[in-house]
Amino acid sequence: MKVTTTRGALLAAFACVLVGASFTANSVLGEYPYAGGQFLRYGLACLLLLPLVGKGSTARLRALAPRQWVRLVLLAAIGMVGFNLAVIAAERTAEPAVPGVFVGCAPVVVAVLVPLLDGRGPRRAVLYGALLVAVGACAVQGWGRTDGAGLAFSVCALAGEVGFAVLAVPVLRPLGPRLLSATVCAVAALESAAVGVLVDGAWWLRRPDAAEAAALLWQAVVVTVVGFVCWYMGMQRIGAERATLFSGLIPVAAAGTAPLVGTGSYGLAQAAGSALVGLGVALGSGALNLTSANRRIGGRARRAAPAATFRGNDRPEWRGVRAPETPE
(Lines give C-alpha, C1' and ligand atoms only; values in the text may rest on other atoms or scores of the structure.)
Protein backbone atom coordinates (compact mmCIF):
# COMPACT_ATOMS: atom_id res chain seq x y z
CA MET A 1 0.00 0.00 0.00
CA LYS A 2 1.35 3.41 -0.94
CA VAL A 3 2.50 5.79 1.79
CA THR A 4 -0.27 8.29 0.96
CA THR A 5 -2.93 5.57 1.05
CA THR A 6 -1.60 4.17 4.30
CA ARG A 7 -1.63 7.58 5.96
CA GLY A 8 -5.14 8.24 4.72
CA ALA A 9 -6.36 4.91 6.07
CA LEU A 10 -4.72 5.51 9.46
CA LEU A 11 -6.21 9.02 9.71
CA ALA A 12 -9.72 7.82 8.84
CA ALA A 13 -9.43 4.91 11.26
CA PHE A 14 -8.19 7.17 14.06
CA ALA A 15 -11.07 9.61 13.54
CA CYS A 16 -13.67 6.85 13.70
CA VAL A 17 -12.12 5.32 16.83
CA LEU A 18 -12.34 8.74 18.52
CA VAL A 19 -16.03 8.98 17.64
CA GLY A 20 -16.74 5.47 18.91
CA ALA A 21 -14.88 6.06 22.16
CA SER A 22 -16.87 9.26 22.77
CA PHE A 23 -20.25 7.58 23.27
CA THR A 24 -19.73 7.74 27.04
CA ALA A 25 -19.57 11.53 26.81
CA ASN A 26 -22.87 11.54 24.94
CA SER A 27 -24.60 9.74 27.81
CA VAL A 28 -23.51 12.46 30.25
CA LEU A 29 -25.34 15.10 28.17
CA GLY A 30 -28.75 13.42 28.33
CA GLU A 31 -30.27 16.23 30.43
CA TYR A 32 -28.56 19.12 28.66
CA PRO A 33 -30.53 20.99 25.94
CA TYR A 34 -29.64 19.38 22.64
CA ALA A 35 -29.36 22.52 20.53
CA GLY A 36 -27.44 24.40 23.20
CA GLY A 37 -24.94 21.58 23.56
CA GLN A 38 -24.40 21.44 19.79
CA PHE A 39 -23.96 25.22 19.69
CA LEU A 40 -21.27 25.11 22.39
CA ARG A 41 -19.54 22.11 20.85
CA TYR A 42 -19.32 23.42 17.29
CA GLY A 43 -18.76 27.03 18.31
CA LEU A 44 -15.79 26.15 20.49
CA ALA A 45 -14.43 23.80 17.82
CA CYS A 46 -14.61 26.58 15.24
CA LEU A 47 -12.66 28.95 17.49
CA LEU A 48 -9.99 26.30 18.06
CA LEU A 49 -9.72 25.56 14.34
CA LEU A 50 -9.38 29.16 13.17
CA PRO A 51 -5.63 29.45 14.00
CA LEU A 52 -5.03 26.25 11.99
CA VAL A 53 -6.69 27.20 8.70
CA GLY A 54 -3.58 28.93 7.32
CA LYS A 55 -3.10 31.95 5.11
CA GLY A 56 -5.45 32.76 2.28
CA SER A 57 -8.46 31.16 3.93
CA THR A 58 -10.65 34.23 3.38
CA ALA A 59 -9.80 34.27 -0.33
CA ARG A 60 -10.63 30.58 -0.64
CA LEU A 61 -14.01 31.10 1.00
CA ARG A 62 -14.80 34.04 -1.28
CA ALA A 63 -13.91 31.94 -4.32
CA LEU A 64 -16.59 29.37 -3.51
CA ALA A 65 -19.57 29.26 -5.86
CA PRO A 66 -23.11 29.64 -4.45
CA ARG A 67 -23.81 25.94 -5.02
CA GLN A 68 -20.74 25.09 -2.91
CA TRP A 69 -22.04 27.25 -0.07
CA VAL A 70 -25.34 25.39 -0.34
CA ARG A 71 -23.40 22.15 0.06
CA LEU A 72 -21.70 23.48 3.19
CA VAL A 73 -25.05 24.47 4.69
CA LEU A 74 -26.50 21.05 3.87
CA LEU A 75 -23.39 19.30 5.17
CA ALA A 76 -23.74 21.00 8.55
CA ALA A 77 -27.53 20.60 8.65
CA ILE A 78 -27.70 16.95 7.54
CA GLY A 79 -24.36 15.44 8.47
CA MET A 80 -23.85 17.18 11.82
CA VAL A 81 -26.87 18.84 13.46
CA GLY A 82 -29.45 16.62 11.75
CA PHE A 83 -27.50 13.42 12.33
CA ASN A 84 -27.18 13.99 16.07
CA LEU A 85 -30.82 15.04 16.34
CA ALA A 86 -31.95 11.93 14.44
CA VAL A 87 -29.99 9.64 16.75
CA ILE A 88 -31.47 11.29 19.84
CA ALA A 89 -35.00 11.11 18.41
CA ALA A 90 -34.57 7.46 17.41
CA GLU A 91 -33.39 6.47 20.88
CA ARG A 92 -36.59 7.85 22.44
CA THR A 93 -38.57 4.87 21.11
CA ALA A 94 -35.82 2.48 20.04
CA GLU A 95 -32.86 0.90 21.75
CA PRO A 96 -29.51 2.50 20.84
CA ALA A 97 -28.49 -0.53 18.78
CA VAL A 98 -31.21 0.17 16.20
CA PRO A 99 -29.90 3.50 14.84
CA GLY A 100 -26.41 2.05 15.24
CA VAL A 101 -27.26 -0.80 12.86
CA PHE A 102 -28.62 1.61 10.25
CA VAL A 103 -25.60 3.89 10.53
CA GLY A 104 -23.41 0.81 10.13
CA CYS A 105 -24.85 0.42 6.62
CA ALA A 106 -23.39 3.80 5.54
CA PRO A 107 -20.31 2.22 3.87
CA VAL A 108 -22.58 0.24 1.53
CA VAL A 109 -24.60 3.31 0.55
CA VAL A 110 -21.49 5.43 -0.03
CA ALA A 111 -19.79 2.63 -1.99
CA VAL A 112 -22.74 2.73 -4.43
CA LEU A 113 -23.71 6.41 -4.35
CA VAL A 114 -20.31 8.08 -4.86
CA PRO A 115 -19.46 6.12 -8.04
CA LEU A 116 -22.94 6.79 -9.45
CA LEU A 117 -22.48 10.53 -8.88
CA ASP A 118 -19.16 10.25 -10.74
CA GLY A 119 -20.80 8.44 -13.64
CA ARG A 120 -19.12 5.08 -13.05
CA GLY A 121 -19.96 1.74 -11.53
CA PRO A 122 -19.14 0.69 -7.96
CA ARG A 123 -15.80 -0.97 -7.32
CA ARG A 124 -16.40 -4.60 -6.46
CA ALA A 125 -13.70 -4.81 -3.81
CA VAL A 126 -14.98 -1.68 -2.05
CA LEU A 127 -18.61 -2.84 -2.26
CA TYR A 128 -17.83 -6.33 -0.94
CA GLY A 129 -15.69 -4.83 1.80
CA ALA A 130 -18.51 -2.43 2.71
CA LEU A 131 -20.96 -5.32 2.99
CA LEU A 132 -18.61 -7.14 5.37
CA VAL A 133 -18.17 -3.96 7.42
CA ALA A 134 -21.96 -3.50 7.65
CA VAL A 135 -22.52 -7.10 8.74
CA GLY A 136 -19.70 -6.84 11.27
CA ALA A 137 -21.05 -3.56 12.69
CA CYS A 138 -24.48 -5.14 13.08
CA ALA A 139 -22.98 -8.14 14.85
CA VAL A 140 -21.11 -5.88 17.28
CA GLN A 141 -24.21 -3.88 18.18
CA GLY A 142 -26.93 -6.51 17.90
CA TRP A 143 -30.56 -5.51 17.44
CA GLY A 144 -33.02 -3.96 19.86
CA ARG A 145 -36.65 -3.08 20.31
CA THR A 146 -38.12 -0.32 18.19
CA ASP A 147 -41.25 1.01 16.54
CA GLY A 148 -42.10 2.88 13.34
CA ALA A 149 -40.81 6.21 14.61
CA GLY A 150 -37.56 4.65 15.78
CA LEU A 151 -37.02 3.07 12.38
CA ALA A 152 -37.82 6.33 10.57
CA PHE A 153 -35.40 8.37 12.63
CA SER A 154 -32.76 5.64 12.27
CA VAL A 155 -33.06 5.98 8.49
CA CYS A 156 -32.58 9.74 8.96
CA ALA A 157 -29.44 9.02 10.97
CA LEU A 158 -28.17 6.86 8.12
CA ALA A 159 -28.84 9.71 5.69
CA GLY A 160 -26.90 12.06 7.96
CA GLU A 161 -23.89 9.74 8.11
CA VAL A 162 -23.88 9.36 4.33
CA GLY A 163 -24.31 13.10 3.83
CA PHE A 164 -21.36 13.86 6.08
CA ALA A 165 -19.10 12.09 3.59
CA VAL A 166 -20.79 12.63 0.22
CA LEU A 167 -21.63 16.32 0.58
CA ALA A 168 -18.05 17.13 1.54
CA VAL A 169 -16.45 15.68 -1.60
CA PRO A 170 -16.80 18.73 -3.94
CA VAL A 171 -15.70 21.27 -1.29
CA LEU A 172 -12.83 19.31 0.23
CA ARG A 173 -10.41 20.09 -2.58
CA PRO A 174 -10.83 23.92 -2.65
CA LEU A 175 -10.95 24.34 1.13
CA GLY A 176 -8.76 21.58 2.54
CA PRO A 177 -9.48 19.56 5.69
CA ARG A 178 -8.80 22.32 8.26
CA LEU A 179 -10.72 25.15 6.61
CA LEU A 180 -13.58 22.83 5.70
CA SER A 181 -13.85 21.64 9.31
CA ALA A 182 -13.77 25.20 10.67
CA THR A 183 -16.38 26.41 8.16
CA VAL A 184 -18.90 23.63 8.71
CA CYS A 185 -18.48 23.98 12.49
CA ALA A 186 -19.32 27.69 12.23
CA VAL A 187 -22.37 26.92 10.08
CA ALA A 188 -23.47 24.11 12.41
CA ALA A 189 -23.17 26.40 15.45
CA LEU A 190 -25.45 28.97 13.78
CA GLU A 191 -27.93 26.28 12.77
CA SER A 192 -27.94 24.85 16.29
CA ALA A 193 -28.65 28.28 17.75
CA ALA A 194 -31.55 28.74 15.34
CA VAL A 195 -33.00 25.34 16.23
CA GLY A 196 -32.60 26.06 19.94
CA VAL A 197 -34.43 29.39 19.78
CA LEU A 198 -37.27 27.93 17.71
CA VAL A 199 -37.73 24.73 19.70
CA ASP A 200 -36.64 25.48 23.28
CA GLY A 201 -37.11 29.23 23.44
CA ALA A 202 -35.30 30.99 26.25
CA TRP A 203 -34.18 27.67 27.76
CA TRP A 204 -32.14 26.56 24.77
CA LEU A 205 -28.83 27.38 26.48
CA ARG A 206 -27.78 27.09 30.11
CA ARG A 207 -24.57 26.85 32.08
CA PRO A 208 -23.35 23.23 32.10
CA ASP A 209 -22.28 21.56 35.32
CA ALA A 210 -18.80 20.10 35.75
CA ALA A 211 -19.56 16.73 34.16
CA GLU A 212 -21.45 18.28 31.25
CA ALA A 213 -18.69 20.83 30.69
CA ALA A 214 -16.09 18.05 30.56
CA ALA A 215 -18.20 16.07 28.09
CA LEU A 216 -18.75 19.13 25.86
CA LEU A 217 -15.06 19.95 25.99
CA TRP A 218 -14.17 16.40 24.98
CA GLN A 219 -16.62 16.51 22.07
CA ALA A 220 -15.38 19.91 20.89
CA VAL A 221 -11.63 19.35 21.18
CA VAL A 222 -11.13 15.63 20.58
CA VAL A 223 -14.09 14.44 18.53
CA THR A 224 -14.68 17.57 16.46
CA VAL A 225 -11.35 19.37 16.09
CA VAL A 226 -9.07 16.32 15.98
CA GLY A 227 -11.64 13.88 14.61
CA PHE A 228 -12.99 16.08 11.80
CA VAL A 229 -9.56 17.16 10.59
CA CYS A 230 -8.24 13.59 10.61
CA TRP A 231 -11.39 12.34 8.87
CA TYR A 232 -11.21 14.84 6.03
CA MET A 233 -7.44 14.42 5.70
CA GLY A 234 -8.01 10.70 5.34
CA MET A 235 -10.83 11.23 2.84
CA GLN A 236 -8.61 13.57 0.85
CA ARG A 237 -6.04 10.78 0.47
CA ILE A 238 -8.18 7.68 -0.10
CA GLY A 239 -11.55 9.02 -1.23
CA ALA A 240 -15.01 8.94 0.34
CA GLU A 241 -15.71 5.33 -0.65
CA ARG A 242 -12.75 3.86 1.18
CA ALA A 243 -12.78 6.35 4.05
CA THR A 244 -16.39 5.49 4.94
CA LEU A 245 -15.37 1.84 5.34
CA PHE A 246 -13.67 2.87 8.56
CA SER A 247 -16.96 4.07 10.07
CA GLY A 248 -17.42 0.41 10.95
CA LEU A 249 -14.79 1.00 13.62
CA ILE A 250 -17.19 3.34 15.47
CA PRO A 251 -19.31 0.56 17.04
CA VAL A 252 -16.18 -1.56 17.50
CA ALA A 253 -14.51 1.21 19.50
CA ALA A 254 -17.72 1.84 21.44
CA ALA A 255 -18.04 -1.83 22.33
CA GLY A 256 -14.39 -2.06 23.25
CA THR A 257 -14.47 0.92 25.60
CA ALA A 258 -17.89 0.23 27.16
CA PRO A 259 -16.56 -2.33 29.71
CA LEU A 260 -14.01 0.23 30.93
CA VAL A 261 -16.79 2.46 32.26
CA GLY A 262 -19.25 -0.30 33.15
CA THR A 263 -21.82 0.48 30.44
CA GLY A 264 -21.56 -2.77 28.50
CA SER A 265 -19.69 -6.00 27.89
CA TYR A 266 -17.46 -7.37 25.15
CA GLY A 267 -18.32 -10.93 24.24
CA LEU A 268 -18.08 -13.45 21.41
CA ALA A 269 -20.52 -11.57 19.16
CA GLN A 270 -18.53 -8.35 19.51
CA ALA A 271 -15.27 -10.16 18.79
CA ALA A 272 -16.71 -11.86 15.68
CA GLY A 273 -18.20 -8.59 14.47
CA SER A 274 -14.92 -6.78 15.03
CA ALA A 275 -13.13 -9.43 12.94
CA LEU A 276 -15.63 -8.98 10.10
CA VAL A 277 -15.18 -5.22 10.21
CA GLY A 278 -11.41 -5.63 10.04
CA LEU A 279 -11.69 -8.06 7.13
CA GLY A 280 -14.06 -5.74 5.27
CA VAL A 281 -11.79 -2.75 5.76
CA ALA A 282 -8.77 -4.73 4.56
CA LEU A 283 -10.64 -5.97 1.48
CA GLY A 284 -12.26 -2.66 0.57
CA SER A 285 -9.13 -0.59 1.10
CA GLY A 286 -7.10 -2.88 -1.16
CA ALA A 287 -4.74 -4.12 1.55
CA LEU A 288 -5.55 -7.79 0.89
CA ASN A 289 -5.20 -7.47 -2.87
CA LEU A 290 -1.93 -5.60 -2.58
CA THR A 291 -0.52 -8.13 -0.14
CA SER A 292 -1.33 -11.10 -2.37
CA ALA A 293 -0.04 -9.26 -5.44
CA ASN A 294 3.21 -8.43 -3.69
CA ARG A 295 3.62 -12.07 -2.73
CA ARG A 296 3.10 -13.21 -6.33
CA ILE A 297 5.51 -10.59 -7.65
CA GLY A 298 8.07 -11.46 -5.00
CA GLY A 299 7.78 -15.16 -5.82
CA ARG A 300 8.27 -14.56 -9.54
CA ALA A 301 11.24 -12.30 -8.83
CA ARG A 302 12.88 -14.93 -6.65
CA ARG A 303 12.36 -17.63 -9.29
CA ALA A 304 13.64 -15.43 -12.11
CA ALA A 305 16.63 -13.95 -10.24
CA PRO A 306 19.96 -15.24 -11.52
CA ALA A 307 22.51 -16.56 -9.09
CA ALA A 308 25.30 -14.22 -8.05
CA THR A 309 28.93 -14.74 -7.21
CA PHE A 310 31.11 -12.23 -5.43
CA ARG A 311 34.44 -10.84 -6.53
CA GLY A 312 37.31 -10.06 -4.25
CA ASN A 313 36.12 -6.49 -3.61
CA ASP A 314 32.71 -7.76 -2.32
CA ARG A 315 30.80 -6.42 -5.35
CA PRO A 316 28.34 -8.93 -6.85
CA GLU A 317 28.91 -10.22 -10.35
CA TRP A 318 25.91 -11.90 -11.97
CA ARG A 319 26.60 -15.01 -13.98
CA GLY A 320 26.80 -14.17 -17.66
CA VAL A 321 26.39 -10.38 -17.06
CA ARG A 322 28.99 -7.98 -15.82
CA ALA A 323 27.99 -6.40 -12.50
CA PRO A 324 27.34 -2.68 -12.55
CA GLU A 325 30.03 -0.57 -10.98
CA THR A 326 29.25 0.60 -7.48
CA PRO A 327 31.06 3.18 -5.38
CA GLU A 328 33.95 1.90 -3.37
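The buried residues of H3 pack against helix H5 (66–93), H10 and H11, where contact means heavy atoms within 4.5 Å and helices are DSSP runs (H or I, at least four residues) numbered from the N terminus. This is a predicted model, in which local features need pLDDT of at least 70 and side-chain atom pairs count only at pLDDT 80 or more, while totals for chains, interfaces and linings use all residues. Residues are numbered from 1 along each chain as its sequence is written, and side-chain values use heavy atoms, with hydrogens and water left out.

Among the buried residues of H3 are Tyr 34, Arg 41, Tyr 42 and Leu 49, buried being under 20% relative accessible area with a 1.4 Å probe, protein chains only. Tyr 42 is also one of the residues that Met 80 touches, as are Phe 164 and Phe 228, not counting residues up to four places away in sequence.

Met 80 is in turn among the members that touch the most others in the largest nonpolar core, which has 66 residues; such a core is a set of buried Ala, Val, Leu, Ile, Met, Phe, Trp, Tyr and Cys residues joined through side-chain atoms within 4.5 Å. Helix H11 (residues 210–245) supplies the largest share of this core, 12 residues.

The lining of the second largest pocket likewise takes its largest share, 7 residues, from H11, and its residues divide as follows.

| Class | Lining residues |
|---|---|
| Nonpolar | 9 residues |
| Polar | 2 residues |

Key:
Buried < 20%, exposed > 50% of the residue type's maximum accessible area, 1.4 Å probe, protein only. Helix = DSSP H or I, 4+ residues; strand = E, 2+ residues; numbered from the N terminus. Nonpolar A, V, L, I, M, F, W, Y, C, P; charged D, E, K, R; others polar.
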